[in-house]
Amino acid sequence: MAFSVIFGGSSGARVALLSLLVCELYGAEKVPHLFGLAGLAIGVGTLIGPTLVGSIFDRSGSYATAFLTSACLVLVSIPCMLASYWDAARYREVSKADLEEV
């Protein structure tokens with residue numbers, strides 16, 4: 001029961017925070033498009049992740065290699081996340097400059 005409450009609360013928070021984060025970084029007009037792209041990325045990860053972990057476990061007989069692979073993939077995603085943040089910051093600056101010209 002406790003697991004269900006914690007899992008449900010954290011899953012719901014992820015969905016709510018994702019839309020707020022996209023809105024904060026890129027503005028309300030971009031939320032529908034970027035939220036859809038984020039959902040696509042989450043779906044691909046959900047499809048590939050368990051299959052990859054199962055395949056690694058079948059080959060190695062241990063989840064340690066699968067967890068290490070997952071950790072490496074998370075580390076690889078950090079530069080992608082930072083690039084997205086910097087792109088959003090640049091987008092906000094350009095949008096602000098456009099508004100000041102009007």
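Two exercises on a predicted model follow, each with a worked solution.

**Exercise 1. How do helices α1 and α2 pack, and which residues make the contact?**

Solution. 

Step 1. Locate the helices. Helix α1 covers residues 2-26, and helix α2 covers residues 31-60.

Step 2. Read the geometry. The angle between α1 and α2 is about 135°, and their axes lie 10 Å apart.

Step 3. Classify the angle. Angles over 145 degrees would count as roughly antiparallel, and 65 to 115 as roughly perpendicular. The two helices, α1 and α2, are therefore oblique to each other.

Step 4. The crossing of α1 past α2 is right-handed.

Step 5. List the contact. From α1 come R14, V15, L18, S19, V22, C23 and Y26. From α2 come V31, L34, F35, A38 and I42.

Step 6. Sort these residues by class. Ten are nonpolar, one is polar and one is charged.

**Exercise 2. What is the volume of the largest pocket, and which residues lie nearest its centre?**

Solution. 

Step 1. State the volume. The largest pocket has about 540 Å³.

Step 2. Look at the lining. The largest pocket is lined by 13 residues. Nearest its centre lie L18, L21, A38, M81 and S84.

Step 3. Trace the elements. Two or more lining residues come from each of α1, α2 and α3 (63-101).

Step 4. Sort the lining by class. Twelve residues are nonpolar, one is polar and none is charged.

Note on methods. Residues are numbered from 1 along each chain as its sequence is written. This is a predicted model: local features need pLDDT of at least 70, side-chain atom pairs count only at pLDDT 80 or more; totals for chains, interfaces and linings use all residues. Side-chain values use heavy atoms; hydrogens and water are left out. Axes are lines fitted to C-alpha atoms, for helices over the stretch in contact, and angles run from 0 to 180 degrees between N-to-C directions. Helices (H or I, at least four residues) and strands (E, at least two) are DSSP runs, numbered from the N terminus. Angles under 35 degrees count as roughly parallel, over 145 as roughly antiparallel, 65 to 115 as roughly perpendicular and the rest as oblique. A crossing is left-handed if the near helix is turned anticlockwise from the far one by less than a right angle, and right-handed if clockwise. Contact means heavy atoms within 4.5 Å. Ala, Val, Leu, Ile, Met, Phe, Trp, Tyr, Cys and Pro count as nonpolar, Asp, Glu, Lys and Arg as charged, and the others, Gly among them, as polar. On a 1 Å grid over the protein atoms alone, a cavity is a set of points where a 1.4 Å probe fits but cannot get out, and a pocket is an open set with protein on both sides within 12 Å along at least five of seven lines; lining residues have an atom within 4 Å of a point. Grid points are joined across faces, edges and corners, and a volume is the space filled by probe spheres set on the points.
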